[in-house]
Every structure is written in C-alpha cells, then in structure tokens.
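Please look over the model shown here with its charged side chains in mind.

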Amino acid sequence: MPKETKHPKVPAKVKGSKQKEKFKLHPRNKHRERYDFKQLIDSCPELSQFVELNKYGDESIDFFNPEAVIMLNTALLKYYYNIEHWNIPKGYLCPPIPGRADYIHHMADLLRNNNYGKIPKGDQIKCLDIGVGASCIYPIIGTIEYGWSFLGTDIDPVAIESANKTTDLNPILKGKIELKLQDKPKDLFYGIIQKEKNELIDLTICNPPFHASVAEAQAGTLRKLSNLKHEKVTIPSRNFGGQNNELWCEGGERRFVGRLIRESKKFATSCFWFSTLISKQSNLHMAYEVLKHAEVVDIKTIPMGQGNKSSRVVAWTFLSAKEQKEWKDSRWQ
C-alpha cells in the first residue's frame with residue numbers, strides 16, 4: 001500500500017489564540033494568511049456590504065449567506081488572480097478557493113519531481129479537469145499560477161456555458177482554456193481525449209461527487225452547517241451551493257473513483273499523471289485495490305488539509321521509466 005507523503009509538523013495552536021497562518025495549506029498557496037478584508041474590498045468594493053465583525057472581533061463574512069460566499073470568491077479571484085469577471089448561476093457549487101489552489105500546487109510538485117526538480121510551466125503543459133463545474137476554478141488557478149493550458153469537461157450544459165462566459169470575459173484566460181460538454185454521463189475520458197489524433201495530456205484532476213444519494217448529500221450539508229454554527233441545523237441550506245451532479249452520484253465517491261481508474265487504463269499512454277481527490281479515508285483501500293488490478297506503474301498519495309477537514313490526492317501513471325523520460329524530455333524542457 002502506498003505511503004502518504006509527509007509534511008512538516010504543524011505547530012500546535014494555543015487555546016484561545018487566532019492562528020495567523022494556515023499551516024495545513026501548501027507553502028505556495030496565496031491563501032495561507034488570514035483574509036485581509038481591507039485589501040479585498042479595495043479590489044472588490046461590492047464585498048464591503050457583506051463584511052462584519054464576528055464574535056471574536058475580527059472582520060469576516062456570514063458563511064451561511066450564499067451571496068456573501070460568492071462575493072468573497074469574486075474578491076479573491078480579482079485580488080490574487082487578476083480575474084475581473086466571474087460569477088456562477090444560482091444554486092451552483094461555489095468552491096472554497098484555498099483548497100482548490102492546494103490541489104493545483106501539489107500537482108505542480110508532482111510534475112516537478114518527474115522533471116529534474118523544476119516545475120514545468122507554460123501552455124505546452126496540458127491539464128484535463130474532469131467536472132470543471134460552473135466556477136471553472138481549477139483552470140483559472142492553474143493558468144494564472146503556472147501558465148498551463150486546460151481542457152475542462154462537464155455533463156451539465158449550464159456549467160459549461162458559465163465557465164465559457166468566464167473565459168470569454170477575461171482576456172488573461174483567452175485561448176488557454178477549452179471546455180467540452182460530455183454528452184455521455186457514464187464516460188469520463190471517452191469522447192474527450194482524442195487518441196486517434198495522438199492527443200497527450202500531462203495531468204488530469206478531478207473532484208468527484210462525494211455522496212451516493214440526495215438524502216446523504218443533505219445529511220452531509222446539515223453536519224457541515226451544524227459544525228460551522230456550533231449548534232444543530234435542521235434546514236439543509238447550501239451556503240456553498242451545489243447541483244445534484246456536483247454533490248452526489250450513484251455509488252458516491254467510491255464508485256466514481258473506481259470507474260475513473262478503470263477507464264484511465266484505456267488511455268494509459270495518453271496521459272502522464274492521472275489524479276483524483278479522495279475525501280473519505282475509507283475509500284483509499286478500494287482505490288489501491290483497483291489501481292493494483294489496473295497494473296499501474298506508480299502511485300502517489302498526497303495528504304491535504306484545510307481547517308478541520310482532511311482529504312488527499314491519489315495520482316497514478318501507467319508509463320514505464322523509459323516512457324516517462326521520453327515524455328518529459330520531449331514536452332517539459
């Protein structure tokens with residue numbers, strides 16, 4: 001069983017103190033510091049109406065208010081990534097940007113470890129985002145931080161339309177992000193990666209639907225809200241939004257990841273690193289079993305954390321050592 005990559009030990013938080021730096025986030029993550037709302041409001045004045053003092057006397061927003069969460073993301077994207085125009089349709093998933101940035105930075109490190117200690121940058125590096133969503137967050141961060149080009153797919157035409165609008169309205173993204181509607185919901189790579197044209201993808205990323213049913217998704221939302229509010233919440237209002245296909249699928253994360261791994265074998269030589277987030281620790285063993293059966297060459301497990309939440313990225317490759325060398329020497333140098 002693969003071992004998780006170890007990170008430096010996080011200093012203990014003194015009871016009653018407010019930790020200035022989020023040590024669980026990647027060292028290159030721009031969101032390790034506490035939010036500076038003065039800077040964010042200077043960048044996005046519309047945010048000011050949602051900022052108030054919390055019970056600790058700190059400036060914050062009401063994370064139970066979907067409009068406030070969307071406006072915070074808008075401000076973060078403007079201030080840190082120079083994205084002037086961004087929005088999502090009502091009810092769609094509004095992802096927490098710090099955690100999404102972490103995934104991108106960890107994947108950059110994975111490429112660096114295969115590239116003589118240097119992160120491959122530039123639009124010749126192509127990343128496939130399976131389930132890009134209406135927010136288009138992963139392509140935005142990867143394009144701005146590393147100059148990579150992206151192919152984003154989704155089974156929801158409204159999500160694709162929203163993501164296309166973001167790329168069209170921001171010149172900094174134009175020509176760097178391609179979006180495709182996956183019209184066969186059971187397929188992940190089929191119909192997307194063009195093997196007949198010898199299309200090559202340097203890495204794939206995926207944030208799978210977490211839950212196995214609507215009821216399970218609602219129960220998860222109630223737990224999250226109750227934890228945030230420190231009291232029992234009985235109405236499953238989604239402060240971060242989310243459509244059904246974004247939050248749950250038949251069989252949940254477990255079945256989705258298994259399908260992702262099995263289908264990836266059909267595209268073994270078309271991609272260097274396949275990867276996926278795995279939120280549930282209990283699903284790791286299943287993933288390793290399916291990867292073993294698929295006869296992958298190498299597996300990496302990368303732990304991630306934000307606040308009290310822990311997850312991990314599992315990455316795998318089918319390329320032999322010789323094929324890996326040929327790939328990086330021809331594409332990454």
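This is a predicted model: local features need pLDDT of at least 70, side-chain atom pairs count only at pLDDT 80 or more; totals for chains, interfaces and linings use all residues.

Residues are numbered from 1 along each chain as its sequence is written, and side-chain values use heavy atoms, with hydrogens and water left out. The structure holds ten salt bridges, a salt bridge being a side-chain nitrogen of Lys or Arg within 4 Å of a carboxyl oxygen of Asp or Glu.

**A salt bridge between two loops**

- The side chains of Glu295 and Lys265 form a salt bridge with an N to O distance of 3.5 Å.
- Because Glu295 sits in the loop between helix H9 (284-293) and strand E8 (298-306), and Lys265 in the loop between helix H8 (252-264) and strand E7 (271-278), the pair ties together parts that are 30 residues apart in sequence; helices (H or I, at least four residues) and strands (E, at least two) are DSSP runs, numbered from the N terminus.
- Glu295 is exposed at a relative accessible area of 59%, while Lys265 is partly exposed at 38%; here buried means under 20% relative accessible area, exposed over 50%, and partly exposed in between, with a 1.4 Å probe and protein chains only.

- Lys300 and Asp298 meet through their side chains in a salt bridge of 3.6 Å, N to O.
- Lys300 counts as partly exposed, with 34% relative accessibility, and Asp298 is likewise partly exposed, with a relative accessible area of 27%.
- In the salt bridge between Asp329 and Lys325, the closest N and O atoms are 2.7 Å apart.
- Helix H10 (residues 321-331) contains both Asp329 and Lys325, which are four residues apart, about one turn of the helix.
- Asp329 is partly exposed at 33% relative accessibility, and Lys325 is partly exposed with a relative accessible area of 45%.

- Thr166 belongs to helix H5 (residues 157-169), and at 3% relative accessibility Thr166 counts as buried.
- Leaving aside residues up to four places away in sequence, Thr166 touches His85, Trp86, Asn87, Ile140 and Leu173, where contact means heavy atoms within 4.5 Å.
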